[in-house]
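Have the model open as you read.

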Amino acid sequence: MAVTMADYAGGATAWCPGCGNFGILNGVKKALVELQIEPYKVLMVSGIGQAGKLPHYTRCNVLNVLHGRTLPAAIGAKIVNPELIVIAVGGDGDGYGEGGNHFIHAMRRNHDITYLVHNNQIYGLTKGQASPTSDLGLVTKTTPEGSWIPENPIALAIAAGVSFVGRGFAGDIEHLATLIKMGIMHKGFGSVT
Ligand SMILES: Cc1ncc(C[n+]2csc(CCOP(=O)(O)OP(=O)(O)O)c2C)c(N)n1
C-alpha cells in the first residue's frame, strides 16, 4: 500500500502558531512520503529544544536524548541497525553549541545518517539566549553587549569534509523536501540546515 502523509500524522504540537518548525515538519514528512518510506523503517533522534520536539509529531520510531547529544545516539543506532533510516533533528543551539564537537566528528567519519538543523539563530525553548548562529551584535540576556561573530555551519561542514550539505527555508516546503530527500538518499552524512 502506498505511504501517505496520513501515515506520518502525529498529534497536537506545542509550537506557537506560525513557527517555522511546522514547515520543517511538513518538509520531512513530505520527503519520506515521496520516497515511499514506511514510518517503522525510520528512527528520528533528537535532543532538547523546540526543534527537538519534531520527532514526537510523527509516527516514526523516536529516541529523545540529552541536549547536544543527538548525533552520538543517532550514530550508535545506525551502527547496530544499518537497515534503519536514521534522521537526527535539532536546533542550532543543540547541534552547534552543546553538540558542536559531535557535529564536526560525525561529518569527518561520514556516518550514513541525515541531520536536520532548525537554524532559528536563537535558543528558543529557553526563551531567547544567543546561539552560535545569532547575528553579530544581537543583544540578549546572555549577550548584553551583543553577540559575537556567528558560526557559519555550511562553511564549517565543508571544512570538516562533509559529503553532503544543503540549506533550505522553512517557508519553502517544496525545496526543503527536495533537499531532505537528497540528504536521505545520500550514502554518508547528509546535513540540511
Ligand atoms: C546540557 C544542557 N544545557 C542546557 C540545557 C537547557 N536548554 C534546554 S533547551 C535549550 C535551548 C535549545 O535551543 P536550540 O537547540 O537552538 O533549539 P530551539 O529551542 O531553538 O529549537 C537549552 C539551553 C539543557 N537542557 N541541557
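Start where helix α2 (residues 70–80) packs against helix α4 (residues 100–109): their axes are 8 Å apart, at an angle of about 35°. Axes here are lines fitted to C-alpha atoms, for helices over the stretch in contact, and angles run from 0 to 180 degrees between N-to-C directions. Helices (H or I, at least four residues) and strands (E, at least two) are DSSP runs, numbered from the N terminus. This is a predicted model, where local features need pLDDT of at least 70, side-chain atom pairs count only at pLDDT 80 or more, and totals for chains, interfaces and linings use all residues. Residues are numbered from 1 along each chain as its sequence is written, and side-chain values use heavy atoms, with hydrogens and water left out.

So who meets whom? On the α2 side you'll find Leu71, Pro72 and Ile75, in contact (heavy atoms within 4.5 Å) with His102, Phe103 and Ala106 of α4.

Now look around α4 itself. Gly100, Phe103, Ala106 and Met107 are its buried residues (under 20% relative accessible area; exposed is over 50%, partly exposed in between, with a 1.4 Å probe and protein chains only). They lie on the same side of α4 because they cover an arc of only 125° around the axis, taken from the directions from the helix axis to the C-beta atoms. On the other side of α4, Asn101, Arg108 and Arg109 are exposed. The cover over the buried residues of α4 includes α2, α3 (92–98), β4 (114–118), α5 (153–159) and β8 (190–192).

Just past α4, asparagine 110 has a positive phi of about 60°. Over in strand β4 sits histidine 118, which counts as buried at 3% relative accessibility.
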